[in-house]
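Visitor: I have a chain on my screen and a few quick questions. Can you walk me through it?

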Amino acid sequence: MRQRARDRMARIGKILSIAMFSLVFFGTGFVGAGPLEHDVAGTWRLADELSGASCRLSLRTGAVAADLAADAPGCERVLPGAGRVTGWRMLPEGGIELCDAAGAPVAVFDVGEVDGLASVEPAGLFLVMTPEHALSLSALIPGAR
């Protein structure tokens, strides 16, 4: 009886070891906002540098599929496809990506020479995202974090 209990405990120990290794190596798979994402979340102004048209978009910390929640109501004239925006994510190389419900990028922004994030995708648009709250944009540069 004692041997059976020891064997059971040994198996449980192995299972827990494998589970812990998997969590550390592969991650939890849970989507959530870290401290930087909480700082970035909020209302942003999206402006077209050529036409001067602008709108507001909202970056939130709540999860939607594999991204954090976002919406861009009334931004279709500034960013074609803005009606598809449901999420956002921070990019490992810096910047922010606005995504649709399937996780595909609608627009990509990076820290530029302006007082905001400059669009790098889609090509041919000259958009700037500027936070309407206090935020040091240098925090979005990986080397400055």
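Visitor: How many bridges join β5 to β6, and which way do they run?
Guide: Four bridges join β5 to β6, and the two run antiparallel. Strands (E, at least two residues) are DSSP runs numbered from the N terminus, as are helices (H or I, at least four). Two strands pair if DSSP finds at least two bridges between them.

Visitor: What stands opposite Glu-97?
Guide: Val-108 in β6.

Visitor: Before we go on, what kind of model is it?
Guide: This is a predicted model, where local features need pLDDT of at least 70, side-chain atom pairs count only at pLDDT 80 or more, and totals for chains, interfaces and linings use all residues. Residues are numbered from 1 along each chain as its sequence is written, and side-chain values use heavy atoms, with hydrogens and water left out.

Visitor: OK. How do the strands go together overall?
Guide: They form a closed barrel of eight strands, β1-β2-β3-β4-β5-β6-β7-β8, with antiparallel pairing. From one strand to the next, the twist averages 35°. The angles are between N-to-C directions, from 0 to 180 degrees, and axes are lines fitted to C-alpha atoms.

Visitor: Next pair along, β2 and β3?
Guide: Four bridges, antiparallel. Ala-63 stands opposite Leu-68 in β3.

Visitor: Switching topic. How many residues are in the largest nonpolar core?
Guide: 28 residues. Such a core is a set of buried Ala, Val, Leu, Ile, Met, Phe, Trp, Tyr and Cys residues joined through side-chain atoms within 4.5 Å. Buried means under 20% relative accessible area (1.4 Å probe, protein chains only).

Visitor: Which residues have the most contacts inside it?
Guide: Leu-46, Leu-59, Trp-88, Ile-96, Leu-98 and Met-129. Elements giving two or more residues to this core include α2 (35–40), β1 (42–48) and β8 (127–131).

Visitor: What does Trp-88 touch?
Guide: Not counting residues up to four places away in sequence, Trp-88 touches, among others, Glu-37, Leu-59, Arg-60, Asp-67 and Ile-96. Contact means heavy atoms within 4.5 Å.

Visitor: Last one: how much of the chain is buried?
Guide: Buried residues make up 34% of the 145 residues.

Conventions: Buried < 20%, exposed > 50% of the residue type's maximum accessible area, 1.4 Å probe, protein only.
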